[in-house]
Amino acid sequence: MAESTMKAPKKRIDPVRWARENLFSSWHNTILTLLVGYLIVTSVGPLLNWVLLDANFQGSDPSDCTGAGACWLFINQRLNFFIYGFYPEEFQWRVDIMFGLLALSFAPQFIERFPGRKWLGLFGLTGLPIVGYFLIPGGLFGLEEVQSSKWGGLMLTLILAYIGIIASLPIGTLLALGRRSEMPIIRGLCVVFIEVWRAVPLITVLFMASVMLPLFLPEGMNFEKLARALIGITLWQSAYMAEVIRGGLQAIPRGQYEAASALGLGYWKKMGLIILPQALKLVIPGIVNTFISLFKDTTLVLIIGLFDILGTVQSTVTDPAWQNVAVEGYVFVAFCFWVFCFGISRYSQNLERKLDTGHRT
Amino acid sequence: MGKPMTEQTQTPETQSSPSTDVGKSDIIRVEGMHKWYGDFHVLKDLNLTVRHGERIVICGPSGSGKSTFIRCINRLEEHQQGKIIVDDVELTDDVRQIDSVRREVGMVFQHFNLFPHLTVLENCCLSPIWVRKTPRKEAEATAMEYLERVKIPDQANKFPGQLSGGQQQRVAIARALCMKPKIMLFDEPTSALDPEMIKEVLDVMIELAGSGMTMLCVTHEMGFAKTVADRVIFMDGGEIVEEAPPHDFFTNPQEPRTQKFLKQILQH
Amino acid sequence: MKKQTFDSKPAGPKPWYDPRVRAIFFQVVAIALVFWGGWVLIDNTLSNMESRGISTGFGFLDESAGFGIIMSLVPYDATMSYGRTFWVGLTNTLLVSAMGVVTATILGFIIGVARLSSNWLVAKVSLAYIEVIRNIPLLLQIFFWYFAVLSSLPSPRQSVDVGGAFFLNNRGLYVPEPVTQDGFGLVWGGILAAIAAVIGIRIWAKRRQLATGAIFPTFKVGVGILFLVPIMSYFLAGQPLEWDLPALKGFNFGGGISIIPELAALWIALSLYTASFIAEIVRSGILSVSKGQTEASKALGLPNGLTLRLVVIPQAMRVIIPPLTSQYLNLVKNSSLATAIGYPDLVAVFMGTTLNQTGQAVEVVAITMAVYLTISLLISLFMNIYNRAVAIKER
């Protein structure tokens with residue numbers, strides 16, 4: 001077959017033409033461009049000054065913040081508190097190990113061709129929580145015990161979001177299967193459970209966990225505050241997870257169920273081997289998105305008195321020793337959350353696009 | 001079933017003699033079967049006997065209930081009245097009986113219904129491993145054997161999404177055969193295929209028919225019916241309208257409804 | 001053959017192998033477990049409450065609350081009952097939710113459309129807005145507005161003064177309050193008459209179009225009537241409206257309507273946050289209408305405006321409305337973050353102070369959850385009715 005020698009004319013990138021097409025295509029577009037441009041120019045300058053040029057980075061206490069800009073040395077000074085809370089400094093290596101393992105399990109997920117990234121991910125979902133269960137609280141294998149009331153900062157935020165997701169995955173799966181069950185009572189119970197949790201705000205759930213849970217339990221049995229918050233978060237998150245997974249189950253064509261039945265597979269084998277593997281793969285983006293919202297929602301635990309990253313910052317900016325550093329503190333936390341959430345949401349969007357095009361023909 | 005069952009020998013290739021020796025080599029018996037969807041009466045008083053090794057083609061206009069009928073035979077659809085007896089097992093509410101029937105009956109669907117998350121080989125091995133509890137090695141060897149028979153052993157490690165429609169349908173046939181079924185059901189196996197792929201699937205089915213497999217095919221491929229079928233069954237409005245050997249069926253249909261149907265599909 | 005044993009038994013299958021029997025068994029077990037669990041919880045709770053000396057029942061709702069609330073839409077003072085605090089909290093929740101829904105919708109639609117603008121700069125700015133705002137926790141944004149922005153505003157004496165009518169300071173935003181005088185009834189009448197007239201014209205215009213094909217400019221005429229008739233009736237009645245301007249009295253402002261900073265911070269944060277989600281919904285709703293639809297409509301000779309009105313928007317709204325309502329629901333639930341900055345919403349007043357004072361956790365939590373459940377059920381009910389109404393009929 002002879003290759004055609006004719007090629008499509010290359011479109012040359014001409015900045016003037018580009019600007020005319022995209023910025024000044026009509027008189028109202030021109031006005032809009034000028035207006036928005038003016039706003040950007042007038043706000044970016046002072047912002048840049050505040051964040052970088054006039055900002056204070058050096059020093060050790062509030063009196064060193066002499067410039068007109070941001071007082072970043074405040075973040076620098078309290079960084080340890082923001083990351084580890086009250087976790088004793090000599091044991092912080094244990095937390096660092098967990099941070100490292102977490103990064104090792106999930107960072108490769110962003111790299112397409114990383115060898116064995118599936119196994120690392122699987123370790124992150126199963127092995128990692130077990131390692132953390134022994135490492136962070138300690139008390140076993142000669143590790144000094146660190147009470148959960150001393151945990152805080154970024155570390156606590158990650159623990160809450162991570163355990164919330166891991167624990168709600170199996171519960172949510174069962175609830176989703178229950179909601180699609182042919183047994184009316186099972187289905188009804190699952191629907192009621194899911195809809196009640198989804199209807200109420202997380203704060204009420206947290207209040208309930210911290211105030212009512214002690215009443216529910218037999219006398220003498222009690223959980224620490226963190227454990228109670230985790231129970232509340234898990235129940236609440238399971239309901240959302242169930243709905244995400246149900247979406248995946250619904251997307252599996254009926255033919256798959258029928259083919260599995262025709263091959264003689266029973267209910268649990270059919271679900272475990274054929275339906276769930278496909279459905280869960282389909283809803284990974286959805287699961288990642290619920291993780292992002294849970295990650296943001298964990299900040300609410302400061303209302304019941306736990307010191308997550310926002311809690312540690314909030315308690316510092318109201319500290320009389322540091323005055324007028326609220327904006328710096330909030331910008332710092334916002335930046336931390338933004339980097340996490342934006343990065344993860346990009347990942348899930350990529351996945352979505354891949355699931356959309358590949359796989360099915 | 002009131003009839004006492006005596007020990008039978010498996011006679012794979014029964015000659016198509018008139019059905020006088022009822023009970024001896026029957027593998028499927030449907031007696032007075034009815035089915036409703038809500039108030040809609042889909043299947044009306046169906047009676048059918050299929051002998052070992054018999055090849056039956058079911059045809060009829062769309063909505064005539066032919067697919068529903070063969071889906072009742074492995075209980076993908078539930079019937080409400082009458083009896084279905086497959087390989088001496090009656091299909092009732094007993095899950096063990098449903099399971100044992102499904103083990104003996106293979107099915108091929110219109111839309112293939114391969115499992116997209118498993119490779120071709122895994123598709124074929126899945127059921128032997130988990131239902132028949134065959135060791136993996138053995139199951140894989142069997143699977144390769146059948147993939148060879150449907151002429152696509154080289155695709156064993158690909159995923160279904162990477163194959164053409166005709167190849168997928170041949171994998172689906174191999175997958176069903178891996179359970180070593182006694183009966184194969186085909187539910188319009190070629191109607192979702194592009195014209196150039198129909199032949200490769202029909203060739204596999206013809207080869208299978210030659211090996212003595214009991215087959216029930218819902219299909220519109222009249223050429224296939226003429227060359228392979230022992231009997232052609234024409235259904236309309238949920239009833240069996242006519243049942244005849246292919247030669248009689250195509251040259252001398254008795255019922256006006258059959259004549260009308262044949263006229264419609266054979267003229268262009 | 002080996003399976004004949006089943007076959008020769010004319011009786012039905014053994015009960016354990018009948019899926020129907022199994023289903024009933026499982027369900028009975030499930031019910032039993034739920035009841036047993038519920039009973040254990042209730043039993044534990046009752047004995048715990050007894051040992052702690054907490055009373056039970058809803059009698060506390062009639063007791064005097066004895067605490068003040070900084071803002072209430074219904075008349076309230078500290079001598080009133082706990083039942084009253086419930087209503088104060090509920091109305092405050094509904095107020096901030098309603099305000100948030102309105103502003104978030106307007107802002108969200110604008111940003112969503114701007115995201116698809118042909119103007120590169122506008123599209124990128126709205127993209128940046130969406131990506132920044134929705135990836136930052138709402139609570140943090142509320143804190144930012146409340147602690148960082150609003151509390152750094154000047155004190156009442158140095159208020160930001162806009163035309164002597166609007167004042168902004170660290171105690172809140174003060175705006176003039178309209179006070180209706182005698183004869184304002186005529187203006188209300190004018191407004192009602194205008195609405196009725198527009199509806200009438202619309203029906204008449206539709207009928208006429210169906211009969212004769214002539215198109216009446218309903219929109220322009222309707223807008224004209226809606227503005228002109230009330231304004232005319234206002235002047236006819238002798239301008240029966242006065243403004244109560246806020247004024248500095250001592251250390252604080254009096255008169256006018258005041259928006260306390262707690263409400264303002266919550267309102268701003270809820271609106272901005274929810275708008276970023278609504279913008280994405282609007283964008284994907286508009287994109288979901290396939291290009292083929294626009295092309296087909298243009299091929300039929302419909303001009304751009306009509307294509308948008310008759311083909312694109314009706315289809316896009318079908319996609320937009322369901323997630324939009326769930327965003328509204330989220331906004332209502334998120335308004336409970338009020339607790340963190342002390343805006344007296346239902347959770348802060350009732351689940352917070354009232355619960356702390358009475359100790360009757362079970363009753364208070366149950367009532368609060370029931371309120372949110374009711375709101376959510378009502379919204380989904382309307383949602384389902386709407387969905388049924390607009391669903392595209394398919395085979």
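Predicted model: local features only at pLDDT ≥ 70, side-chain atom pairs only at ≥ 80, totals over all residues.
Into which domains is chain A divided? Chain A is split into domain 1 (17-53) and domain 2 (81-87 + 146-355), with bounds that come from an automatic or database domain assignment. Taken over C-alpha atoms, the centres of domain 1 of chain A and domain 2 of chain A are separated by 40 Å.

Residues are numbered from 1 along each chain as its sequence is written, chains are lettered from A and ligands numbered from 1 in the order in which they are written, and side-chain values use heavy atoms, with hydrogens and water left out.

The meeting of chain A and chain C comes next. Here, 54 residues of chain A are in contact (heavy atoms within 4.5 Å) with 49 residues of chain C. Between the two chains about 4500 Å² is buried, and carbon and sulfur atoms give 73% of this area. Buried area is the accessible area (1.4 Å probe) that two parts lose on being put together, summed over both. On the side of chain A, the residues that lose the most area to chain C are A:Leu215, A:Lys296 and A:Tyr330, together 14% of what that side buries.

The rule finds one salt bridge between chain A and chain C, a salt bridge being a side-chain nitrogen of Lys or Arg within 4 Å of a carboxyl oxygen of Asp or Glu. C:Glu131 pairs with A:Arg346 in a salt bridge whose closest N and O atoms are 3.5 Å apart.

Among the elements of chain A that give two or more residues to the side touching chain C are helix H1 (15-22), helix H2 (27-53) and helix H14 (326-357). Helices (H or I, at least four residues) and strands (E, at least two) are DSSP runs, numbered from the N terminus. H14(A) gives the most to this side, with eleven residues. By class, the side of chain A that touches chain C holds 40 nonpolar, nine polar and five charged residues.

Some spans carry labels from UniProt. The unreviewed entry for chain A lists "transmembrane region" at several spans, including residues 153-177 and 299-317. Residues 153-177 of chain A are 100% helix and 0% strand, with end C-alpha atoms 36 Å apart. Residues 299-317 of chain A are 47% helix and 0% strand, and their end C-alpha atoms lie 16 Å apart. For chain C, the spans that UniProt lists under this name (unreviewed entry) include residues 54-74 and 94-114. Residues 94-114 of chain C are 100% helix, whereas residues 54-74 of chain C are 0% helix and 0% strand.

B:Asp236 lies in strand S9 (residues 231-236) of chain B, and its side chain is joined to that of B:Arg257 by a polar contact of 3.5 Å. B:Glu77 and B:Lys35 meet in a salt bridge (3.9 Å, N to O), a pair 42 residues apart that links distant parts of the chain.

Definitions and conventions: Nonpolar A, V, L, I, M, F, W, Y, C, P; charged D, E, K, R; others polar. UniProt positions renumbered as here; feature names shortened; annotations may be inferred. Polar contact = N/O pair within 3.5 Å; in protein donor to acceptor, adjacent residues only side chain to side chain.
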